[in-house]
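Please read them with the structure open beside you.

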Amino acid sequence: MTTMRSVSMGLAAVSLAALASVHASSQKPEVQIPQPGVPQIMTLEGNFVRVAYNNEGYVILGYQIANRTVGDEWIMLDVGLTMMERVPDYTLKREAITLTTPDATLPLPSIQEYRANESKVQPLQNRMKVQRDSINYFPPWTHGVNRLGFFADLGSRAMPWDQADVSNDRACMGQLYFHVPGGTKYGQYWLNVKFAQSVVRVPFRLFTKEEERTVSRNFGDIKKQVEEAFRKKPSKKGSS
């Protein structure tokens with residue numbers, strides 16, 4: 001398991017955020033960062049991999065498939081999560097996970113709704129076999145992986161669950177699906193995960209082709225801008 005070097009051991013309550021939009025120009029791109037409304041920290045681990053965490057929980061997601069299927073009424077996210085060090089175990093329930101789109105906030109579907117639309121999500125699963133980005137970036141105290149099993153196909157031997165037990169020594173990893181009436185569109189999205197004492201909001205943007213090209217060409221500069229935006233500012237000497 002890859003440990004994420006940028007995880008700070010002394011997390012401060014930092015106002016945080018997301019890669020919202022990127023402006024292409026002959027100069028380095030400028031990143032607009034929307035505010036999530038909760039204290040947290042965010043990093044980028046790839047063009048389509050986002051991380052957000054606070055003092056309680058850590059969430060990472062990969063969304064390349066979502067960006068390749070704009071217009072579909074179902075969106076699939078590859079998700080991993082764990083608790084921060086010395087935080088008690090937590091039972092994450094289905095209703096604690098939502099998706100904020102440019103138009104609404106959507107609940108995680110029931111297993112019945114998912115299975116009624118299985119033929120619509122199978123193409124997304126097939127795409128993931130060839131277009132999957134690694135989300136195996138976790139804090140150094142996390143040493144194993146459990147299945148995040150909110151969904152399971154009818155033909156699978158795995159059983160779906162309405163909750164997941166999350167600890168700080170093992171990650172939970174799996175796919176989350178949301179029904180988006182009218183289909184997805186380009187713009188800003190948030191995966192919201194409610195822990196016992198706080199909410200982690202993972203920002204991600206469905207890029208236009210031009211935005212994606214700009215991100216690919218300037219990923220290093222963009223990642224640096226985002227990390228600098230959330231780095232704890234040193235206090236000035238003599239300040240109160």
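1. Please keep in mind throughout that this is a predicted model. Among contacts in the protein chain between residues at least 6 apart in sequence, 73% join residues at least 24 apart, and the secondary structure of that chain comes to 5 helices and 16 strands.

2. As for burial and surface, 51% of the 240 residues of the protein chain count as buried. The accessible surface of the chain comes to about 11800 Å², and carbon and sulfur atoms account for 48% of that area.

3. Helix H4, which spans residues 209-217, deserves a separate look, and its buried residues are Glu 211, Glu 212, Thr 214 and Val 215. These four lie on the same side of H4, because they cover an arc of only 160° around the axis. The face of the helix turned away from this buried side carries Lys 209 and Arg 217, both of which are exposed. As background, an α-helix has 3.6 residues a turn, so residues three or four places apart point the same way.

4. Within H4, I would draw your attention to Glu 212, a residue whose relative accessible area is 17%. Since buried means under 20%, Glu 212 therefore counts as buried. Which residues is Glu 212 in contact with, leaving aside its neighbours within four places in sequence? They are Phe 48, Asn 67, Arg 68 and Phe 207.

5. In general terms, rolling a probe the size of a water molecule over the atoms shows where empty space is left.

6. What lines the largest cavity? Its lining is made up of Gly 62, Tyr 63, Gln 64, Ile 65, Met 76, Leu 77, Asp 78, Met 128, Gln 131, Arg 132 and Asp 133. The elements that give two or more residues to this lining are helix H1 (64-68), strand S7 (74-83) and helix H3 (118-131), and the largest share, 3 residues, comes from S7.

7. By residue class, the lining of the largest cavity divides into 5 nonpolar, 3 polar and 3 charged residues.

Key. Residues numbered from 1 in each chain as written. Predicted model: local features only at pLDDT ≥ 70, side-chain atom pairs only at ≥ 80, totals over all residues. Heavy atoms only, no water. Buried < 20%, exposed > 50% of the residue type's maximum accessible area, 1.4 Å probe, protein only. Contact = heavy atoms within 4.5 Å. Areas by Shrake-Rupley, 256 points an atom, 1.4 Å probe, with all protein chains shown as cover. Arc of directions from axis to C-beta. 1 Å grid on protein atoms, 1.4 Å probe; cavity = no way out; pocket = protein on both sides within 12 Å on 5 of 7 lines; lining within 4 Å. Nonpolar A, V, L, I, M, F, W, Y, C, P; charged D, E, K, R; others polar.
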